[in-house]
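Let me put the model up and we'll walk through a few spots together.

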Amino acid sequence: MVGRAVKALVVFKPRRVNEPAENSLLPPAHEQHNYKVVRSIYFKRLDAFGYSINDTLAVPDNGLERLGNALHMRTKQGLLRNQILFKEGDLLEPLDLSESERLLRQTDYLLDARVFVNDSTSTKDSVDIVIITKDVFSINASGSASTSGTRLALRDINFMGVGHQIRTNYRFGLSDPQPWQFEGSYFIQNISHSFISAELIYQNTYYYKQQSIGFRRDFFATNTKYAGGAQAAWYQTRQPDYYQDGVPLPDEEIVHVPLDYNIQDFWIGRAFRLKSYDLAQENPGRFITAARFMNIKYTQGGGPTLQSARLYLSAFGYSFRKYYKDQYLFGFGRTEDIPAGNLLAVTTGFEDGAFKNRMYLGLKGAFAKYRPDFGYLYGGIEYGSYRNKSAWEQGVFMSEALYFTPLYRLRNWRWRHFLWHRTALGIRRPDLFALDIDQEDGIRGFRSSSVRGYRKFVLNYETNLFTPLTLLGFRLAIVGFADAAWLTSTENKSPLKEKPYTGFGLGLRFRNEYLTFNTIQILLGYYPRLPQVDGHQQDFKIFQTTRQYYDFNDMRFTQPLISEFR
């Protein structure tokens, strides 16, 4: 009896891996169906546990999987219809199949999706479409208790199967000046097939309070014509003051000063289709224009780069993007969409401020290439600065490069390497200590309030070894990293002239693709150079994180932006 129970709960089995498939603008086998009438759409919806899109014979094989499916409410068919780019009676456009599959797969509530034509029933003038989706278990509850406080969290990313997302996080019994904290949000994706999403956020902690409501419609697909958004938000924060008269303060002397403000933000964009010289394919390149108005009012506090202002921005640019499919990037075998293409954007504007009026100019360029035998390479540069009284001020220059290797295989083991570079340079800015190299901004596991600067250069390396083992649905990977960051607090000085901070580490990564839990990483880091804490230097550190360290630039044109100094 006990043996059978343990066997049902703890199962080690190899992960069967399909070869990565290149996802071109449209699979060639479907070109013959362009501009045919969509006669019918058949949905096959799979529960979260035990089923597979690639293996039609896979079924739940233990009581735990069957129990999970019984507790799960399957995604409604109407929600899936809401997410695709065609309906019965439409003419099938060239990009509709591949873009609809990607849009389904990029939702939080689906693990994977396939969209294809049923060639056995289609005719010379009409097609039958088959859509197969696999859910994730949408409900996630967690909690913790210690002498410093208690935490309770609950979220549902597919409430009642209609795609609404509810997230809550409550802490109490804290020793902070405010003994409780609450964070909550309600998100509705793609309202009535408009691809307009709405989000309501409320957050209340001692150091950060936020109330906001927003609506947005992105350039979600290659052939999206209009995008835009509207948001109203109120913030009450306490910002740390790390320095006094240009001298860094010890951690115990750092004070937090109030900074309260509110924002009203509106923007709209229009994409123009470019001519295609291939009748079977649509040109994915787009020329895009956009305009934005933002009103920022500071009601308490301020700083050398902050002023209440009305900001008027306009942007124009070119976006070319396509997507490929691969595995074992940020997930553990699920199909992942890799963006490739080019992006060019020019932003101009005017800031009507409480203390000064000034013009703004921003430039951004990026490219991304992918081949299964080469890997992925992304490169981007960005510049932004204000023009005030015939002089440029408060400028920033940033560059970024990301490369990951192809997926290497040794039987059922898989591994991949990542290289990431980031540069941020302040140009004629008064905030000489605005940059840090903590955690995602530089070195994993590193944190110091006194290590701050004006210019930085960061290099990150990571290797991931994916094992074939499964424990309660959780996949296991071994992670190694080496990070280096150069930082200077001197204006017009190269950060590479400073001695670098470094971090080296090894650890484990866990993820259950069928649940909504974030990826869990437990790492041991070694830091040869760390500021002393209470007279001691802690060279080794064990830390846990759920945040994804790397991410793709989607080559998507967004609202006109002010380059962020970070």
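So, to start: which residue in β3 is the bridge partner of alanine 113? That's threonine 133.

Quick housekeeping. This is a predicted model, where local features need pLDDT of at least 70 and side-chain atom pairs count only at pLDDT 80 or more, while totals for chains, interfaces and linings use all residues. Residues are numbered from 1 along each chain as its sequence is written, and side-chain values use heavy atoms, with hydrogens and water left out.

Back to that bridge. β2 and β3, which is residues 126-135, pair in the antiparallel sense over seven bridges. When I say strand or helix, I mean DSSP runs numbered from the N terminus: E, at least two residues, for strands, and H or I, at least four, for helices. Two strands pair if DSSP finds at least two bridges between them.

Zooming out, three strands make an open sheet, ordered β1-β3-β2, with mixed pairing. At the edges sit β1 (37-46) and β2 (110-117), each pairing on one side only. Neighbouring strands here are turned by 15° against each other on average, ignoring direction. Axes are lines fitted to C-alpha atoms, for helices over the stretch in contact, and angles run from 0 to 180 degrees between N-to-C directions. Contact, by the way, means heavy atoms within 4.5 Å. Helix α4, residues 96-105, lies across β2 and β3 and runs at about 165° to β2.

Most residues other than glycine have a negative phi. Tyrosine 35, though, has a positive phi, near 65°. You'll find tyrosine 35 in the loop between α1 (2-9) and β1, and at 41% relative accessibility it counts as partly exposed. For the cut-offs, buried is under 20% relative accessible area, exposed is over 50%, and partly exposed is in between, with a 1.4 Å probe and protein chains only.

Serine 192 also has a positive phi, about 50°. Serine 192 is in the loop between β7 (180-188) and β8 (197-204). Buried or exposed? Serine 192 counts as exposed, because its relative accessibility is 70%.

Over to phenylalanine 215, in strand β9, residues 208-217. At 42% relative accessibility, phenylalanine 215 is partly exposed.

Last stop: alanine 391, in strand β19 (residues 391-404). Alanine 391 is partly exposed at 31% relative accessibility. Between alanine 391 and alanine 70 there are 321 residues in sequence and 66 Å in space, C-alpha to C-alpha.
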